[in-house]
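The sequence and structure come first.

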Amino acid sequence: MDNCIFCKLANHEIPTNVVYEDDKVFCFYDMEPQAPVHVLLIPKKHIACLDDLKAEDVEIISHLMLKVKEIAEKLGLQEGYRVVSNNGDLAGQTVKHLHFHILGKREMKWPPG
Ligand code: AMP
Ligand code: ZN
């Protein structure tokens, strides 16, 4: 999608630090890390948020979810990690391309802020 920063990153129009990539998903380092390890995992297809997921996206989203543990292992997060997807303005979603934060290498608090 035009003017979507995450589409541009996933299409290699803007360079970034790639953690993992295949035909369906793209994972890269967050530019403002909130933990010693903080990456973002996104579908390559432009989907704005969880609310916009459709039944036809089931293959993409299940593939993405199964990649989480592989990426966590690759990043050395065997002791634990947190996965977050902010959906909508009240939740603090700032980039309107579905993304999953994967955070690790520090103790996480609950409830989140
Ligand atoms: P959210 O607030 O849940 O929408 O998360 C958006 C995340 O994207 C934030 O953690 C930003 O630091 C991150 N971000 C925005 N633009 C970029 C970029 N060009 N490269 C890497 N991370 C980005
Ligand atoms: Zn996009």
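Q: Is His38 buried or exposed in this predicted model?
A: The model is predicted, and the relative accessible area of His38 comes to 3%. The cut-off for a buried residue is under 20%. His38 therefore counts as buried.

Q: In which strand does His38 lie?
A: Residues 37-43 form strand 3. His38 falls within that run, so the element is strand 3.

Q: Which residues does His38 touch, not counting those up to four places away in sequence?
A: Contact here requires heavy atoms within 4.5 Å. On that basis, the residues touched by His38 are Tyr29, Asp30, Glu32, Pro33, His101, Ile102 and Leu103.

Q: With which side chain does the side chain of His38 make a polar contact?
A: The His38 side chain also reaches a backbone atom, the nitrogen of Gln34, at 2.9 Å. The side-chain partner is found at 2.8 Å. That partner is His101.

Q: Which residues are the protein donors of the zinc ion (ligand 2)?
A: Along the chain, the donors follow the spacing C-x2-C-x38-H-x50-H. The donor atoms are two SG and two ND1 atoms, lying 2.0 to 2.3 Å from the zinc ion. The residues are Cys4, Cys7, His46 and His97.

Q: What is the geometry of the site of the zinc ion (ligand 2)?
A: The angles among its four donor atoms are 105 to 117°. Four donors count as tetrahedral if all angles lie between 85 and 135 degrees. The site is therefore tetrahedral.

Q: Are Cys4 and Cys7 buried or exposed?
A: Both cysteines are among the donors of the zinc ion (ligand 2). Cys4 and Cys7 are each buried.

Note on methods: Residues are numbered from 1 along each chain as its sequence is written. Chains are lettered from A and ligands numbered from 1 in the order in which they are written. This is a predicted model: local features need pLDDT of at least 70, side-chain atom pairs count only at pLDDT 80 or more; totals for chains, interfaces and linings use all residues. Side-chain values use heavy atoms; hydrogens and water are left out. Donors are N, O and S atoms within 2.8 Å of the metal (3.2 Å for Na, K and Ca); water is not among the atoms, so sites may look incomplete. Four donors count as tetrahedral if all angles lie between 85 and 135 degrees; four count as square planar and six as octahedral if opposite donors are over 155 degrees apart and all others between 65 and 115; anything else is irregular. Buried means under 20% relative accessible area, exposed over 50%, partly exposed in between (1.4 Å probe, protein chains only). Helices (H or I, at least four residues) and strands (E, at least two) are DSSP runs, numbered from the N terminus. A polar contact is a pair of N or O atoms within 3.5 Å; within protein, one must be able to donate a hydrogen and the other to accept it, and residues adjacent in sequence count only if both atoms are side-chain atoms.
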